[in-house]
Amino acid sequence: MRAAARSAARSGARVESRRRVGFSVFAECLLTGVWIALASVPVVTAPAAFAAGARHLRRRIGEQSGGWREFAADVRVAARRGWLVGLAGVVAWLAVWIDLRVARAGLPGGQLAAAVGIFALIAGAVTVLRAAAVWEPGRSWRSLLGDAVRRTVGAPGGSLLLVCGIALVILSAEFLAPLAVPVLGILAAAAVAVEERGRAR
């Protein structure tokens, strides 16, 4: 009886420990979302902010030390070339916005152009998220994006999950703008999980 009681106590302690770890990681995701939002204020730094956020979450999951200072240092390193990726994203968003205006104006081919533009913008966002999820100091964004394109096309399940994550951020912003801020951390965590799952296969 005592042995059974001790075994049950140990099992309960393990479950409680897992719950604590899970809650801690979830709280860290929300905090990381705030950091990502702050680092993304210049807009063109958004890819670098997600890369730094993803690296921070990987450290946290791996039970390594690191906080705001390490995150800020990663943002500075990732932004050295990452701002070009952010600038390309801004240009793509403006192009889609123009396509939508053309479609609303009823010009021939406007709706098709808008649909293609939206699809390309979403695919580009997923690719950038996948690249940011595996970023490390010293890795070039060009090679990261090239590899991410192949994973985006080759692993549609993970890509669809990230599309849902992007939609969640947009819906959160529509419902209550500040709510989208911590959700950015959950999106970064989803990107990390998708990439880790892909490596495990």
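How are H2 and H4 placed to each other: roughly parallel, roughly antiparallel, roughly perpendicular or oblique? Before I answer, please keep in mind that this is a predicted model, in which local features need pLDDT of at least 70 and side-chain atom pairs count only at pLDDT 80 or more, while totals for chains, interfaces and linings use all residues. Residues are numbered from 1 along each chain as its sequence is written, and side-chain values use heavy atoms, with hydrogens and water left out.

The helix labels come from DSSP runs numbered from the N terminus (H or I, at least four residues, for helices; E, at least two, for strands). H2 and H4 pack at about 45 degrees with their axes 8 Å apart, the axes being lines fitted to C-alpha atoms over the stretch in contact and the angles running from 0 to 180 degrees between N-to-C directions. H2 and H4 are therefore oblique to each other, given that angles under 35 degrees count as roughly parallel, over 145 as roughly antiparallel, 65 to 115 as roughly perpendicular and the rest as oblique. The crossing of H2 and H4 is right-handed, a term used when the near helix is turned clockwise from the far one by less than a right angle, with left-handed for anticlockwise. Pro47, Phe50, Ala51, Ala54 and Arg58 of H2 make the contact with Val128, Leu129, Ala132 and Ala133 of H4, where contact means heavy atoms within 4.5 Å. That contact has eight nonpolar, no polar and one charged residues, counting Ala, Val, Leu, Ile, Met, Phe, Trp, Tyr, Cys and Pro as nonpolar, Asp, Glu, Lys and Arg as charged, and the others, Gly among them, as polar.

H4 also packs on H3, at an angle of about 160 degrees and with the axes 8 Å apart, and H3 and H4 are therefore roughly antiparallel to each other. Their crossing is left-handed, and the residues of the contact divide into twelve nonpolar, three polar and one charged.

With H5, residues 141-154, the axis of H4 comes within 8 Å and crosses at roughly 120 degrees, which makes H4 oblique to H5. This crossing is right-handed, and the residues that meet include Val126 and Arg130 in H4 and Leu145 and Arg151 in H5.

Now to the pockets. A pocket here is an open set of points on a 1 Å grid over the protein atoms alone, where a 1.4 Å probe fits, with protein on both sides within 12 Å along at least five of seven lines, and lining residues have an atom within 4 Å of a point. The largest pocket has a volume of about 1300 Å³, a volume being the space filled by probe spheres set on the points, which are joined across faces, edges and corners. It is lined by 36 residues, with Ala46, Trp93, Leu121, Ala125 and Ile166 nearest its centre. H3 gives the most to this lining, ten residues, and the lining divides into 32 nonpolar, four polar and no charged residues.

The second largest pocket has a volume of about 270 Å³, and of its 13 lining residues the closest to the centre are Arg130, Ala155, Val194, Arg197 and Gly198. H7 provides the largest share of that lining, five residues, and by class the lining has three nonpolar, three polar and seven charged residues.
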